[in-house]
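Please look over the protein shown below before reading on. The report that follows is meant for someone meeting this structure for the first time.

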Amino acid sequence: MKYIRYTFWAVVGIALIIVGMANRDIVTLRAMPEALANPLGISPDIQMPLFMAIFIGVGVGLLIGFLWEWVREHRLRSDARATGRERDALKREVDSLKTEKHEGKDEIVALLDKAS
């Protein structure tokens with residue numbers, strides 16, 4: 001399984017290198033259309049290689065997806081915490097009831113009951 005994982009990541013790395021080499025041309029990224037930027041007098045333009053724009057877009061998309069999933073699973077995590085707290089409280093209650101049950105009895109009998 002380890003070799004399959006290494007092979008997969010090697011193929012992904014080679015694919016990223018090939019995409020980067022094929023898209024080395026400089027492109028201009030504009031935050032606003034020219035028709036809107038010219039009257040306002042602002043033109044936030046960035047020039048970078050195309051492969052960087054592609055990789056940054058993929059990275060931002062992944063971050064947005066991870067954040068979306070984290071927010072979506074908040075209810076599941078809070079339910080799991082509540083269930084864990086309830087389980088711990090019930091375990092403490094059962095342990096205290098077992099100790100009360102065996103008060104004044106022989107310790108060996110109490111240990112045998114506790115094991116079963």
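The text below goes from the overall fold to the aromatic pairs and then to a nonpolar surface patch.

**Overall fold**

The model is predicted, and in it the protein has 5 helices and 2 strands, which follow one another along the sequence in the pattern α-β-α-β-α-α-α. Of its 116 residues, 7% count as buried. The protein exposes about 10,200 Å², and carbon and sulfur atoms supply 67% of that area. When contacts between residues at least 6 apart in sequence are considered, 33% of them join residues that are at least 24 apart.

**Aromatic pairs**

A pair of aromatic rings is described by the distance of the centres and the angle of the planes. How many aromatic pairs does a search of the whole structure find? The search finds 2 aromatic pairs. In one of them, the rings of phenylalanine 8 and tryptophan 9 have their planes at 70° with their centres 5.0 Å apart, so this pair is edge-to-face. Phenylalanine 51 and phenylalanine 55 form an aromatic pair that is edge-to-face, with 6.0 Å from centre to centre and 70° between the planes. Because phenylalanine 51 and phenylalanine 55 are 4 residues apart in helix α3, which covers residues 50-72, about one helical turn separates them.

The table gives the accessibility of the residues in these pairs.

| Residue | Relative accessible area | Class |
|---|---|---|
| Phenylalanine 8 | 47% | partly exposed |
| Tryptophan 9 | 53% | exposed |
| Phenylalanine 51 | 23% | partly exposed |
| Phenylalanine 55 | 31% | partly exposed |

Tryptophan 9 counts as exposed because its relative accessibility of 53% lies over the 50% cut-off, whereas phenylalanine 8, with 47%, is partly exposed.

**Nonpolar surface patch**

Phenylalanine 55 also takes part in a nonpolar surface patch of about 720 Å², which is made by Leu16, Val19, Ile54, Phe55, Val58, Leu62, Leu63 and Phe66. The elements that give two or more residues to this patch are α1, covering residues 2-22, and α3. Which element gives the largest share of the nonpolar patch? That share, 6 residues, comes from α3. Among the other members of the patch is valine 19, which lies in helix α1 and counts as partly exposed at 31% relative accessibility.

Taken together, helix α3 holds the pair of phenylalanine 51 and phenylalanine 55 and also supplies the largest share of the nonpolar patch.

Technical notes: Residues are numbered from 1 along each chain as its sequence is written. This is a predicted model: local features need pLDDT of at least 70, side-chain atom pairs count only at pLDDT 80 or more; totals for chains, interfaces and linings use all residues. Side-chain values use heavy atoms; hydrogens and water are left out. Rings of Phe, Tyr and Trp (its six-membered ring) pair if their centres lie within 6.5 Å; planes under 30 degrees apart count as stacked, over 60 as edge-to-face and the rest as tilted. Buried means under 20% relative accessible area, exposed over 50%, partly exposed in between (1.4 Å probe, protein chains only). Patches are made of residues with over 30% relative accessible area and no salt bridge: like charges are joined within 9 Å, nonpolar side chains (Val, Leu, Ile, Met, Phe, Trp, Tyr) within 5 Å. Accessible areas come from the Shrake-Rupley method with a 1.4 Å probe; for residues, only the protein chains shown count as cover. A salt bridge is a side-chain nitrogen of Lys or Arg within 4 Å of a carboxyl oxygen of Asp or Glu. Contact means heavy atoms within 4.5 Å.
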